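We will go from one stop to the next.

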Amino acid sequence: MSLPEINSDELQQFLLGLLNTPSPTGFSERAVEYTRAALEGLPGITMQVNVKGALLVTWQGKHSSAPRALSAHVDTLGAMVKEILPSGRLRLIRIGGLTWNSVEGENCTIFTEDGRQVRGTLLINKASVHVYGEQVTETKRTAENMEVRLDERVKSSEETIALGIRVGDFVAFDPRAEWINGFIRSRHLDDKAGVACLVSAIRSMAAAGLQPEQTTHFLISNFEEVGHGAASGIPTEVVEMISVDMAAVGEGQASDEFHTTICTLDSTGPYHKGLSSRLRRIAEEEKIAVMTDIYPHYGSDGSAFWAAGGTAAVALIGPGVDASHNYERSHLDALLATTRLVMGYLLR
């Protein structure tokens, strides 16, 4: 089967824009809307944002005897204001599996309830080598020892409150997204890269005048990083679901930054063997660069769907991403391979 051509420039531009749209879990409305707008007006497609804030895209297929679903999540790691310190600086609480050392020294934005955006930087509370000496390296990177230095003239909690900042405000860390030599390096490729692959697959097929073999629902979830993204939102009639998320690259892993990967097991157990094997055969038939791998410290929208009582067969695929939940990197080849695997599945 000949797969449609992918507009790689369009994929790259969409992903860059999505990465630059802040969306920590619980504050993903802008990224959901960015994704919805990218699919607006395509033939045979309907969309709705559910009460939870997730985007459900439904694409009418040639048949509707065995409806399918694919998911990717637009929410990312981030933080919220936990405390306004007497110094006027902020103490944070993490959203999702963020590690403090991975965002130390990173610039961030605090989104106030009244719509203001206040800039700052996350630092340890003893950051100056010339003042604290060895304490800089010895200080443990814990929530109690990290603080946001605001780029405002504030020296007291009262002055910070006067800016409109309150406990519970969302904090997004700068993605520092950049395409270079075919690589995309950025925070939050988990899982905005997966969203980009789904959007690219839909656009590419629509541009070629194609439709999926079966009616297919695409859930762009918004609470995956805290464990319940696709626990709701997948229509009950679906018989198969594929979660499109990043593939973890590192020591002891088969995944790399240039392939798409089929994950056969994660921390919640094995995925559906029959569906995973079918995806392998599709990759072989289409000559798609694919790996298989296992992630012991991983969970997905698919596992959340199963944990909530979903009965469809579930598989997990995604582009290889280095340094997951840190300053991440992948390659265009992995994104294209993932997009092609999605299209190969949709067309069969």
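**Stop 1: the cavity.** Select Leu77, Leu98, Ser102, Val103, Arg187, His188, Asp190, Glu225, His325, Asn326 and Glu328. These residues line the largest cavity. The model is predicted, and what you see here is computed from it. How many cavities of 30 Å³ or more are there? The count is 1. The volume of the largest cavity is about 70 Å³. Now colour the lining by class. Rolling a probe the size of a water molecule over the atoms is what shows where empty space is left.

**Stop 2: His188.** Stay with the lining, where His188 is one of the residues. Zoom in on the loop between β11 (183–186) and α7; His188 sits there. Check the backbone. Phi of His188 is near 70 degrees, a positive value in a residue other than glycine. Most residues other than glycine have a negative phi. Is His188 buried or exposed? His188 counts as buried, because its relative accessibility is 13% and the cut-off for buried is under 20%.

**Stop 3: Asp190 and Asp191.** Move along to Asp190, another of the cavity-lining residues. Look at the peptide bond that runs from Asp190 to Asp191. This bond is cis, with omega near 5 degrees. Most peptide bonds are trans. Asp191 belongs to helix α7, which covers residues 189–207.

**Stop 4: His325.** Return to the cavity and pick His325, also among the lining residues. Its place is the loop between β18 (313–322) and β19 (328–331). Phi of His325 is positive too, near 60 degrees, and the residue is not glycine.

Stop 5: In soluble globular proteins, nonpolar side chains tend to be buried together.

**Stop 6: around Leu279.** Centre on Leu279 and show its surroundings. Leave aside neighbours within four places in sequence. Leu279 is then in contact with Ile242, Ile262, Ala315, Ile317, Leu341 and Tyr345.

Technical notes:
Residues are numbered from 1 along each chain as its sequence is written. This is a predicted model: local features need pLDDT of at least 70, side-chain atom pairs count only at pLDDT 80 or more; totals for chains, interfaces and linings use all residues. Side-chain values use heavy atoms; hydrogens and water are left out. Helices (H or I, at least four residues) and strands (E, at least two) are DSSP runs, numbered from the N terminus. Buried means under 20% relative accessible area, exposed over 50%, partly exposed in between (1.4 Å probe, protein chains only). On a 1 Å grid over the protein atoms alone, a cavity is a set of points where a 1.4 Å probe fits but cannot get out, and a pocket is an open set with protein on both sides within 12 Å along at least five of seven lines; lining residues have an atom within 4 Å of a point. Grid points are joined across faces, edges and corners, and a volume is the space filled by probe spheres set on the points. Contact means heavy atoms within 4.5 Å.
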